[in-house]
Amino acid sequence: MDHSAHIASRRRSGGRRRAGEVQDAQAVPRDAPVAGRLNPLSDEALAQIHAASLEILDRVGISDAPPIVVNAITARGGRLADDGRLLFPENLVIDALAGFRRGFRLFGRSRGHELALTGAKVHAGSGGASPHIVDLADGSYRAATLSDLYDAARLVDTLEHVRFFSRSMIAGDMPTAHALDINTAFVSLAGTSKHVMVSASNPAHVYDIAQMCYAIAGSETAFRAEPFLSLNINHAVPPLRFDADACEVMAAAVRSGIPVMVNTFGQMGASSPVTIAGCLAQTNAETLAGMVFAWTMDPEARAVYGARPMVTDLRSGGMAGGGGEQAVLTAAATQLARFYDLPNSTIAGATDSKLADAQSGFEKALSVTLAAQAGANLITQAAGTQAGLMATSLEAYVIDNDMLGAILRSAFPIEVNIATLAVDVIAQTVRGEGHYLGHADTFARMKTDFVYPAHADRQAPEAWLSSGAPNINNSARRTVSDTLARHFPRHLSTDIEQELRARFEIRLPAKRMTAS
């Protein structure tokens, strides 16, 4: 049996919520769609990219491997070349591909927020590490703070279609790297009960984050069973170099039972080849190298394949996340992850627009739609990010939530059976009332089969004009203001919060976590 066969074996809406209305309870999302019907690569192309990646790992290797990686890989048959590059023999990669843990879930801290990373189930969430926030009052760009990050988590806590909270901003007011890592985890976990993804710059910080999680879960055993926090780790610096610190962080996370997002972030035409095929081959090799390392540390590690190749605007050298090339590249990377049947994540929604405007909408919708239709398990940066991931917009979070509802609905398979073909219903209706509006099936399915936007306007023109000609941006800004004024969730009990404040240097004032 060849390797690929081996992997294969293994206009109106009476029920919609009024725009701007704040929900007192958390929004519990509907089931995730099972997609994966978009396949930009042929089976032959997938096999060729796979073979090229194996050759890259076996013949070219990865440079700058720290001792912890060298020891782990050479113990399994890898070797250091004369030029110091770490080579991964094909049989090691094949063994790891057969042994990676699959079919696992990530968890939130309330039921309904589980993320099943199986097959082509799709979950969209926030993400990024933007240094700026778009100020809600005047639309200016300013440095993001810890308080802004807490507000973002509280807002995402209420958004139905944003399924997880991946740290979206870097709190620029933190005095040290340790304070940044610990406080980022704290405010994220305080602000939402959805699954949280953060980062760490040092293995010692990982162990502190783990202790925080164990305390919240009630025990280390409880957290390891249902982990509600994971780490984004960029273990590789394209082209084909390890980041020594990130590898140490990955090892610490695996030892602590924290799921790891094994991310690679090359730019096509800059730090990876200019062709989509070459970019995919290199990115896949870099991602597999991190996955193999995590597997050597613990075959039961929850490791998520995070190939996220990006496109370079060759006129400027900057990132171009909103083009058609980016959308198809992301879809192809997702198809490659599904070729291996690996739990996976990717970036989509990295608009180049600076504001939540029409450009932002079409760029995000294109890339997120293709990623969803390709069956990406976790789509990060799908909401709230602007300016090529350089800024976060709370207004955009709310608008993008509407967008995600529509995109995720489009990713569900079409149900075809006797009931949905409805031949008997058609016969009864044409001989009866002549329309389906009052039929029991219509009433029963209006809330299960349809997703209604909270802010996108569906009024007739006359009604729209008579209601003041509202636009989606103004509606979103009102919702952000109302939500942040009222939604102060207590996802950390008073006792746990006090314990964490006593053990760690928590810099968000307690009074900031309550309504004034």
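**Figure 1. Pairing of strands β6 and β7 in the predicted model.** Strand β6, comprising residues 132–134, is joined to β7 by three bridges, and the two strands run antiparallel. His 132 stands opposite Ala 143 of β7. Both strands belong to an open sheet of four strands with mixed pairing, whose order is β7-β6-β18-β17. Its edges are formed by β7 (141–143) and β17 (385–386), each of which pairs on one side only.

Figure 2. Asp 148 is located in helix α5, which spans residues 146–156. With a relative accessible area of 7%, Asp 148 is buried, because the limit for that class is under 20%. Neighbours within four places in sequence being set aside, the contacts of Asp 148 are Ile 133, Arg 142, Ala 143 and Met 169. Among these, Ala 143 is also the residue of β7 that faces His 132.

Figure 3. All five residues of strand β13 (residues 303–307) are buried, so the strand is largely enclosed by the rest of the structure. In a regular strand, side chains alternate between the two faces of the sheet. In β13, Ala 303, Tyr 305 and Ala 307 point one way, while Val 304 and Gly 306 point the other way. Residues on either side are buried. Strand β11 (residues 260–264) runs parallel to β13 and is joined to it by five bridges. Within this pairing, Val 260 has Ala 303 of β13 as its bridge partner.

**Figure 4. Asn 284 and its contacts.** Asn 284 is part of helix α10, residues 276–297. Its relative accessibility is 0%, and Asn 284 therefore counts as buried. A polar contact of 3.0 Å links the side chain of Asn 284 to the side chain of Tyr 340. Apart from neighbours within four places in sequence, Asn 284 is in contact with Ser 53, Tyr 305, Leu 336 and Tyr 340. One of these residues, Tyr 305, belongs to the group in β13 that points the way of Ala 303 and Ala 307.

**Figure 5. The loop position of Gly 321.** Gly 321 lies in the loop that connects β14 (310–311) and α11 (324–339). Gly 321 is buried, with a relative accessible area of 2%. Pro 309 is twelve residues away along the chain, and its C-alpha atom is separated from that of Gly 321 by 10.0 Å. When neighbours within four places in sequence are left aside, Gly 321 is in contact with Gln 326, Ala 350 and Asp 352.

**Figure 6. The three-stranded open sheet containing β5.** Three strands form an open sheet in the order β5-β16-β15, and their pairing is parallel. The edge strands, β5 (123–124) and β15 (345–347), each pair on one side only. Two bridges join β5 to β16, which comprises residues 378–380. Ala 124 stands opposite Ile 379 of β16.

**Figure 7. The largest cavity and its lining.** The largest cavity has a volume of about 120 Å³. It is lined by 15 residues, of which Arg 30, Asp 31, Pro 33, His 161 and Leu 408 are the closest to its centre. By class, the lining consists of eight nonpolar, two polar and five charged residues.

Technical notes. Residues numbered from 1 in each chain as written. Predicted model: local features only at pLDDT ≥ 70, side-chain atom pairs only at ≥ 80, totals over all residues. Heavy atoms only, no water. Buried < 20%, exposed > 50% of the residue type's maximum accessible area, 1.4 Å probe, protein only. Pairing = 2+ DSSP bridges. 1 Å grid on protein atoms, 1.4 Å probe; cavity = no way out; pocket = protein on both sides within 12 Å on 5 of 7 lines; lining within 4 Å. Points joined across faces, edges and corners; volume = space filled by probe spheres on them. Nonpolar A, V, L, I, M, F, W, Y, C, P; charged D, E, K, R; others polar. Polar contact = N/O pair within 3.5 Å; in protein donor to acceptor, adjacent residues only side chain to side chain. Contact = heavy atoms within 4.5 Å.
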